[in-house]
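Me: I have a model open and I'd like to learn how to read it. Can you take me through it feature by feature?

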Amino acid sequence: MKKFIVILACFGLSVAHAQSYDATKNLRKTMTITWEVVSDVNKACAAEYAKYGHKLPYQMDACAVWKGNTCKIITKKRPTESDVGHEIMHCFQEHFH
Ligand SMILES: [Zn+2]
């Protein structure tokens, strides 16, 4: 069985206001999420992307990497609610931009 790995997720811009998302587009109802807190988000995200042969497309405030029903979120030590919510949406919807 061929495994399909999806990587991506980004949050390059700070969002000053609460953003709403369409949760009806969630691909899964359950997800195992690991949250890694780091001092250098871009370094950690670049290292995670590199594991899958990708380069970090731009500077990020947070990122998420998912495979099947597992997902890893990487944030700085004091992320915004928007950072975390955005990455969780990537976990449940993959590419939702
Ligand atoms: Zn994103």
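Me: Let's begin with H2. Which residues of H2 are buried?

Reply: A residue is buried if 20 or more other C-beta atoms lie within 10 Å of its own, exposed if 12 or fewer, and partly exposed in between, with C-beta atoms placed from the backbone. In H2 the buried ones are Asp-83, His-86, Glu-87, Met-89, His-90, Cys-91 and Phe-92. Keep in mind that this is a predicted model, where local features need pLDDT of at least 70 and side-chain atom pairs count only at pLDDT 80 or more, while totals for chains, interfaces and linings use all residues. Residues are numbered from 1 along each chain as its sequence is written.

Me: What do the buried residues of H2 pack against?

Reply: Look for contacts, meaning two residues whose C-beta atoms, placed from the backbone, lie within 7 Å. For H2, the buried residues pack against S2, S3 and S4.

Me: And how are those labels assigned?

Reply: Helices (H or I, at least four residues) and strands (E, at least two) are DSSP runs, numbered from the N terminus. This chain has two helices and four strands, in the order β-β-α-β-β-α along the sequence.

Me: How far does H2 reach from its first C-alpha to its last?

Reply: The expected span of a helix is 1.5 Å times one less than its number of residues. H2 has 13 residues and reaches 18 Å, close to the 18 Å expected. Glu-94 has 18 C-beta neighbours inside 10 Å, so it counts as partly exposed.

Me: Now H1. Where do its buried residues fall, seen down the axis?

Reply: First, who they are: Val-41, Ala-44, Cys-45 and Tyr-49 are buried in H1. They fall within an arc of 135° (taken from the directions from the helix axis to the C-beta atoms), so they line one face of the helix. On the face turned away sit the exposed residues Lys-43, Ala-50 and Lys-51. Gly-53 follows H1 and has a positive phi, near 80°.

Me: How do the strands pair?

Reply: Two strands pair if DSSP finds at least two bridges between them. Here S2 (residues 32–37) and S4 pair in the parallel sense over six bridges, with Ile-33 partnered by Cys-71 in S4. S3 and S4 also pair over six bridges, in the antiparallel sense, and there Val-65 stands opposite Lys-72. S3 and S4 form a hairpin with two residues between them, and Gly-68 in the turn has a positive phi of about 60°.

Me: How many residues does the largest nonpolar core have?

Reply: A nonpolar core is a set of buried Ala, Val, Leu, Ile, Met, Phe, Trp, Tyr and Cys residues joined through C-beta atoms within 7 Å. The largest one has 16 residues, and Cys-45, Cys-63, Ala-64 and Ile-74 have the most contacts inside it. Elements giving two or more residues are H1 (41–51), S3 (62–67), S4 (70–75) and H2 (81–93). S3 gives the most, with five residues.
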